[in-house]
Amino acid sequence: MRAYNRIADTKIRMNHNIYSPDIVVILDPSLDILECLSGIKENGIVLINVSKENFNKLNLEEKIHNIDPNIKIYIIDGDKISQDELGRIYPNIPIMSALINISQLITKEKYFELGEMVIKDAFSQKENVIEGNINALIRAFNEVKKVNND
């Protein structure tokens with residue numbers, strides 16, 4: 001499955017596929033890396049939801065650098081963070097936090113402020129998950145790791 005998002009300061013009027021992404025997020029590291037990174041821009045960024053151990057076991061750095069040695073690779077174990085903080089595997093917030101960090105779209109402080117506000121609003125009827133989601137947001141932002149040199 002593929003999904004696309006565009007981010008801009010102005011209204012986006014295009015609604016077609018993205019063929020040359022700047023950033024690719026891979027939620028399942030067992031997917032075909034060649035297919036996932038098809039069309040990624042030169043010097044692009046890839047964010048993978050994977051533990052460092054599995055990243056190494058799957059030999060992902062070599063596979064990615066065979067496509068483009070200049071791709072910047074980041075990893076976050078969103079599954080573990082969500083399991084630790086929520087008791088279930090819901091990596092959405094950890095992946096989003098890692099992406100916000102590496103893209104530097106907004107400051108850490110502003111993101112934490114807005115993230116907490118949105119989580120409290122979204123889960124106002126489920127107060128038992130608010131703290132875990134906020135913790136997952138903060139942890140993932142701080143734990144995302146770059147695994148290769150510029």
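## Pocket definition and model basis

On a 1 Å grid over the protein atoms alone, a pocket is an open set of points where a 1.4 Å probe fits, with protein on both sides within 12 Å along at least five of seven lines; lining residues have an atom within 4 Å of a point.

The model is predicted, and local features need pLDDT of at least 70, side-chain atom pairs count only at pLDDT 80 or more, and totals for chains, interfaces and linings use all residues. Residues are numbered from 1 along each chain as its sequence is written, and side-chain values use heavy atoms, with hydrogens and water left out.

## Second largest pocket

The second largest pocket holds about 270 Å³ of space, a volume being the space filled by probe spheres set on grid points joined across faces, edges and corners. Its lining consists of Glu85, Leu86, Arg88, Tyr90, Asn92, Ile93, Phe123, Lys126, Asn128, Val129 and Asn133.

Helices H4 (78-86) and H5 (92-103) each contribute at least two lining residues; helices here are DSSP runs (H or I, at least four residues) numbered from the N terminus. By class, the lining has five nonpolar, three polar and three charged residues (Ala, Val, Leu, Ile, Met, Phe, Trp, Tyr, Cys and Pro count as nonpolar, Asp, Glu, Lys and Arg as charged, and the others, Gly among them, as polar).

## Packing of H5 against H7

The axes of H5 and H7 lie 8 Å apart at an angle of about 40° (axes are lines fitted to C-alpha atoms over the stretch in contact, and angles run from 0 to 180 degrees between N-to-C directions). Ile93, Pro94, Ser97, Ala98, Ile100 and Asn101 of H5 form the contact with Asn133, Ala136, Leu137, Ala140 and Phe141 of H7, where contact means heavy atoms within 4.5 Å. These residues comprise eight nonpolar, three polar and no charged.

## Packing of H6 against H7

Helix H6 (residues 108-122) packs on helix H7 (residues 130-143) at about 155°, with the axes 9 Å apart. H6 is therefore roughly antiparallel to H7 (an angle over 145 degrees). The residues of this contact divide into eight nonpolar, three polar and three charged.

Conventions. Angles under 35 degrees count as roughly parallel, over 145 as roughly antiparallel, 65 to 115 as roughly perpendicular and the rest as oblique.
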